[in-house]
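Try each task yourself before you look at the solution.

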Amino acid sequence: MSVTSFIHLKEAENRDFDIQKFNRDIEEKYPGTSTEQSNNPSLSYDICWEKYSDRYQFELRIDRKRCTFAIEYFNSKDRIWDYASFILWIRMYFPKEKEVVLVDENYEEQMPLSPNESIEDIKKWLERVGI
């Protein structure tokens, strides 16, 4: 599925984002994930994680200000459930007390993502927006 979703922290910058911890955690949760970082200052999204296996396939990017993840591709055998779970997992890397939203690729639909959001609620949103 090649529809992009965004997980966005409503802040100008996220200086507290721990990229090393995220790198360790994504490798632990999704072994074999490759990471590519760009030093090109003209690119808004400078880090990309990719995983292509029998179980999971995804492309994930984060912006330079560490406020927005773009999930550019996600596929699995139980795609909608796993995608919702993946979104909820990413949400935990933003401060619990901060406002985070899930946004569709056309910026038409938003869903507030509280730290206590359920996978089922995210799944319903994904189905409603046609992901």
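**Exercise 1. Work out the order of the strands in the sheet and find its edges.**

Step 1. The open sheet has 7 strands, ordered β2-β3-β4-β5-β1-β6-β7, with antiparallel pairing. Here strands (E, at least two residues) and helices (H or I, at least four residues) are DSSP runs, numbered from the N terminus, and two strands pair if DSSP finds at least two bridges between them.

Step 2. At the edges sit β2 (34-37) and β7, each of which pairs on one side only.

Step 3. On average, neighbouring strands are turned by 20° against each other, direction ignored. Such angles run from 0 to 180 degrees between N-to-C directions, with axes as lines fitted to C-alpha atoms, for helices over the stretch in contact.

Before going on, please note that this is a predicted model, in which local features need pLDDT of at least 70 and side-chain atom pairs count only at pLDDT 80 or more, while totals for chains, interfaces and linings use all residues. Residues are numbered from 1 along each chain as its sequence is written, and side-chain values use heavy atoms, leaving out hydrogens and water.

**Exercise 2. Follow strand β6 and its partners.**

Step 1. With β1, β6 pairs in the antiparallel sense over 5 bridges; Phe6 has Val103 as its bridge partner in β6.

Step 2. With β7 (residues 110-112), β6 also pairs in the antiparallel sense, over 3 bridges. Val103 stands opposite Gln110, and Val101 has Pro112 as its bridge partner.

Step 3. The hairpin of β6 and β7 has 5 residues between the strands, and Tyr107 in the turn has a positive phi of about 60°.

Step 4. Are the residues of β6 buried or exposed? Because 5 of the 5 are buried, β6 is largely enclosed by the rest of the structure. Buried means under 20% relative accessible area, exposed over 50%, and partly exposed in between (1.4 Å probe, protein chains only). One side shows Val100, Leu102 and Asp104, the other Val101 and Val103.

**Exercise 3. Locate the partners in some salt bridges.**

Step 1. A salt bridge is a side-chain nitrogen of Lys or Arg within 4 Å of a carboxyl oxygen of Asp or Glu; the count is 9.

Step 2. Lys10 and Glu99 form one, with the closest N and O atoms 3.7 Å apart. This pair links distant parts of the chain, 89 residues apart.

Step 3. Glu72 and Arg61 meet at 2.7 Å, N to O. Glu72 lies in β5 and Arg61 in β4, so the pair ties together parts 11 residues apart in sequence.
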